[in-house]
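User: Please take a close look at the aromatic rings in this structure. Which contacts do they make, and where do they sit?

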Amino acid sequence: MIELEIDGHAISVQKGTTILEACKTLDIEIPTLCHMKELAPDGSCRMCVVEIEGGRKGGLVPSCSEHCAPGMKVSTRSERVVESRRFILDLLLSNHVLSCFDCASNGECRLQDYCLEYGVEKTSFPYGKRVGTNEVDSSNPFFSFHPEKCIMCRRCTRVCQQLQGRDVISISNRGFDARMSPSYQLPWRESMCESCGNCVSNCPTGALSSKDQQRHYRAWEVKKVRTTCPHCATGCQMDLLVKNNRIVGVDPADGPSNRGLLCVKGKFGSYKFIHSGDRLTHPLIKRDGKFEKASWDEALDLIASRFTEIRKKYGADANAGFSCSRAPNEDNYIFQKMMRAAFGTNNVDNCARVCHSASVHGLATTLGSGAMTNPIRDITEDVDLILLIGSNPTEAHPVVGTQIRQAIRRGTQIIVVDPRKIDLVKDAVIHMPIKAGTNIAFANAMIHVILGEGLADMDYIRERTEGYEELAEIVKDYTPEKVAEICHIDAEDIRKAARMYARAKKAPIIYCLGVTEHSTGTEGVMSLSNLAMVVGKIGKSGCGINPLRGQNNVQGACDMGCMPYDFPGYQKVANKEVREKFERAWGVPLSETTGLMSTQVLPEAIEGKIKGLYIFGEDPMVTDPDTGHVAKSLESLDFLVVQELFMTETAQYADVILPGTSYGEKEGTFSNTERRVQRVRKAVTLEGEMRLDTDIFYDVMNRMGYSCEKKTAAEIMDEIASVTPAFGGISFERLDRGETLQWPCLDKESKGTYIMHVGKFSRGLGYFYPAKYRPSKELPDNEYPFMMVTGRMLYHYNTRAMTGRTEGLNEICGDSYIEINQGDAAMLGIRDGDKVKVSSRRGEIESRAVVGDKMMPSEVFMTFHFADGNVNKITNFVIDDIARIPEYKVCAVSVKRA
Ligand SMILES: Nc1nc2c(c(=O)[nH]1)N[C@H]1C(S)=C(S)[C@@H](COP(=O)(O)OP(=O)(O)OC[C@H]3O[C@@H](n4cnc5c(=O)[nH]c(N)nc54)[C@H](O)[C@@H]3O)O[C@H]1N2
Ligand SMILES: Nc1nc2c(c(=O)[nH]1)N[C@H]1C(S)=C(S)[C@@H](COP(=O)(O)OP(=O)(O)OC[C@H]3O[C@@H](n4cnc5c(=O)[nH]c(N)nc54)[C@H](O)[C@@H]3O)O[C@H]1N2
Ligand code: SF4
Ligand code: SF4
Ligand code: SF4
Ligand SMILES: [Mo]
């Protein structure tokens, strides 16, 4: 510890503390323009100078970079300090256009604040304005750059380079001509910018400002509502900016998983859809093939009577429900309660079925819990090696992606196993462009090398696992040479990767849908947990096996029991004691029959076994494989209800459509991919007859003869806690106090669980599942010579229900495209941008060719975001035997010029 004096106050601080940090503990305000908490001091603005009695450099030093020393006497407001700060402000104004009145940042500009505080009204320097390079750059759809307002503090550069890992902005020219700009002085639009807006959020002046702020609001007019991003499961914390009951913008907040950062979808794509003119505002009933406005009573009566009728005629299991992974935990809990207690069936599922059901099943089988084992910070902050398999985080989980880029800057190595040249490949020590659908062979070869070269952790295997002998027997066959041929990768790369992974002290596996969405998805997941366990890397910091969950609350929808075999908290329907517990809690007898999964419900509808379906916030007509098959299923139903925000493709098939509410209109919680339960808060009340999704379910329950009283979201969470041991200690009260809780959180005293399986697996012993490689169900042939992989891109999200209603995102990318290798394209006479026809055994779509080297020869890639040219018209409806997840990642297609 070091003793010193600041403004006459004695203080003792840890060695290495800066003066600025020490001042903070004393609540002494120090002005800063360039300083950023997350980054090393820049010391470029010099506003933070303080005076040190008898110090060097005339006693004035920047407090952000100067460390406290024993006996130091610091003044933070001496005459010289104040004079020096005034001089800096004077200089800054000499090069600043004073148009505060029409500046978007009026009222939240640090330059303005400090000028006011230090009494600097105008510059005393008559000359000095920068010349020639002052045009405003408005080319980015979301923000613009006003060089005359730039004070060259370099926060934007440092944020972009060191936090976003993108390196877009730098200083060009020198002297008076110096200016911040994207590299090569390109317009923003043509640079590498990902429009994350993190530079904008961190610019202390109006130099970088959002177009929405320019047009619609000033800082003092908005109320901030802290909430959780509604897109991916990273769970970024952010503030909705509300003016006159309208959300006009978003600011990033410092949450545990995002640490002050957002991606383009959170920053710019998460509010316009809420106020979109095409929101559903009234219940609709289909009469003679046409939707007509109906009253809530009419719609709810019809729903209750039709579902009850089906139940009476065909039995409770003739009805089914799909829940909404975009909606809060409380909504999902009540939805499954409705299906079980009022409908009397366990036929309830959610989109995890088509996403990470393979992880939920696979990891529950091998480890005892299907969740991500380690938190984001733990697997990105200080690790030696990341093994990234079938996951494209810089696009699908961008704020995880940026933290991986930060780790790489700090020296973490990364091995990428992905058929495509995704962005992180350029930083990879090894990229294995694996043939899609061959992950099991790959994992077995890695284990083969590890066992063969004595790199396994035999103590860990002995003490903590079972099933090793059988696994060891199976992997004998998987020599690197043999597997190199199956996977189309290099045998030597497999050996190198296996050695690196085994020897690294801290090395997490991070994986995603490239592993799960296969007809062998569940075994693919289990073969990765085999790989992590042979080297003893589960239950340790900086390691683990980490599925990045997809939807904002898909973890929660599963946790809340929206699955046909689990009550909330993965308590088994098949377990009599569990069932009896829920019967007591809910006061009604419950079905002991395991329900159907969503990918079973659709075919069973065609067979006439499922008659009634309640879809809460899902759009299978766009997102399930083989759209023709989905349409046939929906048409086969006697009765379909869709509860939505918008008239979706699926809603078109409904008998009744109910208008629900979005995350900005209600209270609740989302559980992110790290099992972290975070608050969602109501920001606006909209005009129209939309209702809380939970209130709708309560009304349906009461009308179907299961009487229960409406509860608020906070009360529903208390009910969840009372029946779900893993959530036992979670309440709104604790969350609103600022506690951040990751389940399992067994009681009010528990702080939650940061890393899982420490010391012991949830299941007891970790289980090695002996998986053998089996090829994908539909491989290329003469007629359909290309292997098609499907997935995501940064700027759009699933069906685009939200991102498609944000103009700027459509401006960046607004139509369907297909990535194709340049050699293949040349052979087919296809040029970049050409219209092409893509067909499979299921049908044909039109798309636009994007020609390059991202794909290997004979492989193509499409996203499923665009209803026009929707790839799911041609994907293959074949499913995994265990989790019944569809094989979205592999089908055979042909490509021709249109
Ligand atoms: N921008 C954006 N973000 C999203 C979403 C979105 O729609 N848009 N959706 C969210 C949802 S619901 C989810 S589930 C997540 C999904 O997130 P990800 O799974 O990361 O996204 P995908 O693009 O589907 O697939 C990831 C990668 O798997 C690779 N891959 C395909 N087949 C194989 C294989 O057999 N082996 C290996 N090793 N790799 C393979 C693909 O080339 C692709 O790069 O993203 C979430 N985040
Ligand atoms: N080809 C191909 N297809 C895929 C995939 C792939 O990789 N390739 N990935 C699959 C995956 S991983 C997933 S998760 C699925 C996603 O499939 P979906 O879940 O069908 O897609 P979303 O666009 O997320 O649809 C959510 C719907 O919920 C509505 N909604 C959102 N919030 C609320 C709310 O609070 N209340 C109500 N009532 N409604 C709400 C939205 O308006 C939207 O229409 O797609 C799958 N489809
Ligand atoms: S644009 Fe803003 S953040 Fe960047 S250097 Fe200029 S004033 Fe600083
Ligand atoms: S928006 Fe993001 S990627 Fe673009 S320049 Fe700013 S920080 Fe960099
Ligand atoms: S990374 Fe995911 S949670 Fe974070 S802002 Fe982007 S879409 Fe939202
Ligand atoms: Mo997903």
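Analyst: R691 lies over the face of W296, at 4.9 Å from the ring centre. A charge counts as sitting over a ring if NZ of Lys or CZ of Arg is within 6 Å of the ring centre and within 35 degrees of the ring normal. The charged end of R340 also sits over a ring, that of F567, 4.9 Å from its centre.

This is a predicted model: local features need pLDDT of at least 70, side-chain atom pairs count only at pLDDT 80 or more, and totals for chains, interfaces and linings use all residues. Residues are numbered from 1 along each chain as its sequence is written, and side-chain values use heavy atoms, without hydrogens and water.

Now the ring pairs. The structure holds 22 aromatic pairs. Rings of Phe, Tyr and Trp (its six-membered ring) pair if their centres lie within 6.5 Å; planes under 30 degrees apart count as stacked, over 60 as edge-to-face and the rest as tilted. The rings of F567 and F582 have centres 4.3 Å apart and planes at 10°, so this pair is stacked. F567 lies in strand β23 and F582 in helix α22, so the pair ties together parts 15 residues apart in sequence. Helices (H or I, at least four residues) and strands (E, at least two) are DSSP runs, numbered from the N terminus. Both F567 and F582 are buried. Buried means under 20% relative accessible area, exposed over 50%, partly exposed in between (1.4 Å probe, protein chains only).

Y570 and W743 form a tilted pair, 6.1 Å centre to centre with 40° between the planes. They are 173 residues apart. Y570 is partly exposed at 24%, while W743 is buried at 5%.

Conventions. Chains lettered and ligands numbered in written order.
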